[in-house]
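This report describes one protein model together with its ligand. Please have the sequence and the structure open while reading.

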Amino acid sequence: MTHNLLKDKRGIIFGALDEYSIAWKVAQKANEEGAQFVLSNSPIALRKKDIYELAKQSNSQVIAADITEVSDLEDLFEESMQILGGKLDFVLHSVGMSPNVRKNIPYTELDYNYFFKTLDVSAISLHKVLSVAKRLDAIKEWGSVVTLSYIASQRVFSSYSDMAQAKAMLESIVRQFGYHYGVAKNVRINSVSQSPTRTTAGVGVSGFNAFLNYADAMSPLGNADSESCANICMFLFSDLSKMLTMQNLFNDGGFSSMGISNKLINQYIDCGCAE
Ligand SMILES: NC(=O)c1ccc[n+]([C@@H]2O[C@H](COP(=O)([O-])OP(=O)(O)OC[C@H]3O[C@@H](n4cnc5c(N)ncnc54)[C@H](O)[C@@H]3O)[C@@H](O)[C@H]2O)c1
């Protein structure tokens, strides 16, 4: 069911790699809700070509941009405003990558060049996107920017490695840039902290199935899927959330409020693990 929530709204969606990507679902929903947008991903990711299928389905154009390159972002924002016929109403930042995680490097022995890369791609890139948008005055008053986070920003998930620092920094940028962009232009910035979700980035984390199964057993509503995440994004992009900014919203079936659930009690009650 659609509600025309994004009728006449224009945006940029970063991070749709394939049909499993959270950004893919967001783009499909935004299209259903009446938005027009440009899809962007890194030049390497575009080689996968799946995104052109999404572009066809949603009648949108694809523009390559390495999200860590300010000049790529400047070109992307300028071109997007030309293609879409004016300033933007929303931006989705759905981007993350850690070379340390990819290469299975133990957290206590991080490669620091890779660590910088993790922070640049997964967190500082949000600052770059916002800074370019603000300088070009590319986002309309009351526009909305959403990024994707994970609860490892606040708690230890043992194999999430340096992505935990990236998410902590990301959520901090949401708050701090949210203040400055809010005061200057009433632009809103929020993050959605999503349940473990089976995507390329997700399954790259070692022990991902344990993250998924444990969170599902812990959460009263079970894990939130990418479709439910896309619905939250529609709300955040729409005027319904006009006074929401600088927030981290948990789309996690209740996981973040839990200590232990009956399912896990039953699983561990007689395991003899601590004996
Ligand atoms: N999947 C999960 O379990 C989960 C849970 C919570 C949060 N998230 C977050 O959701 C976001 C989207 O990830 P996803 O799970 O949909 O996986 P995904 O792999 O489909 O998306 C990650 C995207 O980042 C893009 N990217 C990487 N480096 C880039 C660069 N230099 N320039 C431009 N784009 C670049 C990739 O091409 C890809 O499209 C990430 O921030 C991720 O951390 C995912």
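The sections below cover the overall fold, the sheet, the ligand shell and a few single residues.

## Overall fold

The model is predicted. The protein contains eleven helices and seven strands. Its radius of gyration is 19 Å, close to the 19 Å that the globule rule gives for 275 residues, so the protein is as compact as a globular protein of that length. Along the principal axes, the C-alpha atoms fill a box of roughly 65 × 45 × 40 Å.

Of the 275 residues, 45% are buried. Among contacts with a separation of 6 or more, 74% are between residues 24 or more positions apart.

## The sheet

Seven strands form an open sheet in the order β3-β2-β1-β4-β5-β6-β7, with parallel pairing. Its edge strands are β3 (61–64) and β7 (248–251), each of which pairs on one side only. From one strand to the next, the twist averages 20 degrees. Strands of a sheet pair through backbone hydrogen bonds, in either a parallel or an antiparallel sense.

Strand β4 (residues 88–93) is mostly covered, with six of its six residues buried. Strands β1 and β4 run parallel and are joined by four bridges; here Ile 12 has Val 91 of β4 as its bridge partner. Strands β4 and β5 also run parallel, joined by five bridges, and Val 91 has Val 145 of β5 as its bridge partner.

## The ligand shell

Which residues are closest to the ligand? The shell holds 26 residues, and the closest are Ser 21, Gly 96, Thr 199, Ala 201 and Gly 202. The elements that contribute two or more residues are α1 (22–32), β5 (139–149) and α8 (200–203). The largest share, three residues, comes from α8.

By residue class, the shell divides into twelve nonpolar, 13 polar and one charged.

## Residues with positive phi

Most residues other than glycine have a negative phi. Asn 4 has a positive value near 55 degrees. Asn 4 is found in the segment before β1. Is Asn 4 buried or exposed? Asn 4 counts as exposed because it has 11 C-beta neighbours inside 10 Å, and the cut-off for exposed is 12 or fewer.

Ser 161 is not a glycine either, and its phi is positive at about 55 degrees. Ser 161 lies in the loop between β5 and α7 (163–185). Ser 161 counts as buried because it has 25 C-beta neighbours inside 10 Å, and the cut-off for buried is 20 or more.

## Lys 7

Lys 7 is found in the segment before β1 (10–14). Lys 7 is exposed, with 11 other C-beta atoms within 10 Å. In sequence, Lys 7 and Val 91 are 84 residues apart, and in space they are 15 Å apart, C-alpha to C-alpha. Val 91 is the β4 residue that partners Ile 12.

Conventions
Residues are numbered from 1 along each chain as its sequence is written. This is a predicted model: local features need pLDDT of at least 70, side-chain atom pairs count only at pLDDT 80 or more; totals for chains, interfaces and linings use all residues. A residue is near a molecule or strand if its C-beta atom, placed from the backbone, lies within 6 Å of it. Ala, Val, Leu, Ile, Met, Phe, Trp, Tyr, Cys and Pro count as nonpolar, Asp, Glu, Lys and Arg as charged, and the others, Gly among them, as polar. The radius of gyration is taken over C-alpha atoms; the globule rule is 2.2 Å times the number of residues to the power 0.38. Two residues are in contact if their C-beta atoms, placed from the backbone, lie within 7 Å. Two strands pair if DSSP finds at least two bridges between them. Axes are lines fitted to C-alpha atoms, for helices over the stretch in contact, and angles run from 0 to 180 degrees between N-to-C directions.
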